[in-house]
Amino acid sequence: MKSLFLALVAAGSLTLAPAAMAQTPNKNAKLTIGWAEPIDTLNPATTGARNVGPVVANMFDMLVWLTPDFEITPHLATKWTVSDDGLTYTFTLREGVTFHDGTPFDAEAVVANINYITNKETQSKIALGLLGPCGSAKALDKYTVQFTCSAPYAPLLAQLGEPYLGMQSPKAIAQYGKDLGLHPTGTGPFQFVSYSPNQSLVLKRNEAYNWGPAAVKHSGPPNIAEVTFQIVPNSQARVSQFLSGQSQMMQQTPGVYWNSLQKQDKYTAIPVPISGLGIFSPINASKFPTNDIAVRKAILHAIDKKGVIQLAEAGVFPVHNTPLQKGMTGYDPSLEDAYPYDPAKAEALLKDAGWTKNGEFWEKDGKRLAFTINAIATVPSYPLLSQAMQGYLRKAGMDVSVQQLAVPAWLASNINGETSMAPLQYIGVDPDALHFWFLPGEYFNWSKFSDPKLTDLIKEGQKERDPAKRAEIYHQVQKIIMDNAVMMPIRQNIDLVMTTKKLTGVTYMGGGFEYLLPATLSD
């Protein structure tokens, strides 16, 4: 990930909001953020949404802190050791930390969190997977906790820095049960005030906060007194809110406005790189007609990604061609040209596989090459990307339709294997993120593809601790994925954040989660 961070800096495309050294912080400042997506839950252990990550990151602290270039640094844990066999992780915890409800943070609190995440009744999504085989924890003393793994798991340390593993108050876990997501109680720089579903979330400064990560270089509580996440899924409404001064920060800035606003002196553009698998689409290998590998490969050759990004998002994002984004451990540049835009190649693949043209569309055995791309209706970029992809595929003789669904119906369609393609994102700080999508039985195995060699390699990658050997393993993993055309990378995943010049010091943690502890809002 470090190379992606440096590349963005070198290209002049990465701008952190400048630190507010020349301004006197307004300690009573109230910040409003135009937030692009609804919140499924405020429980970090059970959310399945990337966009909830930055929200909970400001309420909950993690054991370790990931810098933007993915250095693992201390946070709630001040130091740690790993056994020679890779099965035991021992953490020394920071003293003097309290949860927002006054509960002390200690080793027993960590144990309570791990037990909660691994409890089947919790139905944890991302958090449980991030622990891998390391779901057992015990307190050795008041401020020493030990994780035990059933198998070596190299990604654990980095993944403990994701906000989905933010520490929650054991008292709140016991008190609120299934309603915990409505009563978020962490140790973070901001604490919960109120939440109106699909409207707004209000946080206030944690006045006691003096244990921020050293890497952020901010002492004491936040400068900003109150933060409101105003949930505005409609892109035009979010832009209008920002331009009128009703908000001082907006995320997921539409491409056309991103291009124009950053040219104006009164705004600051912050492209936040979101690591992982980028914006991509699984391709269902179990459902006609994409159960035919020739069709899947033809799809990849038939779509001009640069054209899709231009049509859907004003061309502001770089193309993404590999399962792992540039900068991730294991990224393989040799796969960049695996499927160039080549309509003639797509046609040849279909002909060789026995497909014939009957009028406008391809057919085989009396069945038309027809399928649906499902898009989340509440995230504007996904329908736009789907429609742009649809145009290229129909031009190539594939009868493709686009269906916009609410999140519950969209999830059900993917889980049940009813979807051929669905553009989406997946955040990851380690190449093991691929296991969620390509190991049999995993929640996100929406391509319904499995391969014994692929499974063995992914499991080998989880255990291998040597960086060079891990990279080579993930080169092989990605080649199998691309050779079988069960995934279509589309574009790099970047949150286009725009702020007013009065807001400075906005930063983000590794993985691409906006963080407001050091931010300042001036009058």
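Predicted model: local features only at pLDDT ≥ 70, side-chain atom pairs only at ≥ 80, totals over all residues.
1. Disulfide. A search of the whole structure finds one disulfide. The bond joins Cys-134 to Cys-149, with an S to S distance of 2.1 Å. The two cysteines are 15 residues apart and link distant parts of the chain. Cys-134 lies in the loop between α4 (126-131) and β6 (136-141), whereas Cys-149 lies in the loop between β7 (144-148) and α5 (156-159).

2. Geometry and burial of the disulfide. The torsion about the S-S bond of Cys-134 and Cys-149 is about 105°, and the disulfide is therefore right-handed. Both partners, Cys-134 and Cys-149, are buried; the cut-off for this term is under 20% relative accessible area.

3. The three-stranded sheet. Three strands form an open sheet in the order β14-β15-β16, and their pairing is antiparallel. At the edges stand β14 (356-358) and β16 (367-368), each of which pairs on one side only. Two bridges connect strand β15 (residues 361-364) with β16 in the antiparallel sense. In β16, Arg-368 is the bridge partner of Glu-363.

4. The pairing of β17 with β18. Strands β17 and β18 (residues 399-405) run parallel and are joined by seven bridges. Within this pair, Ile-376 stands opposite Leu-405 in β18. Between the two strands the chain passes through helix α12 (residues 381-395), and this β-α-β crossover from β17 to β18 is right-handed.

5. The largest pocket. Its volume is about 640 Å³, and 27 residues line the pocket. Those nearest its centre are Gly-48, Ala-49, Ile-376, Val-407 and Trp-410. The elements that contribute two or more residues to the lining are α13 (407-415) and β19 (424-427).

6. The residues lining the largest pocket comprise 19 nonpolar, four polar and four charged.

Notes
Residues numbered from 1 in each chain as written. Heavy atoms only, no water. Pairing = 2+ DSSP bridges. Helix = DSSP H or I, 4+ residues; strand = E, 2+ residues; numbered from the N terminus. 1 Å grid on protein atoms, 1.4 Å probe; cavity = no way out; pocket = protein on both sides within 12 Å on 5 of 7 lines; lining within 4 Å. Points joined across faces, edges and corners; volume = space filled by probe spheres on them. Nonpolar A, V, L, I, M, F, W, Y, C, P; charged D, E, K, R; others polar. Disulfide = S-S within 2.5 Å. Buried < 20%, exposed > 50% of the residue type's maximum accessible area, 1.4 Å probe, protein only. Right-handed = clockwise from strand over helix to strand, strands pointing away.
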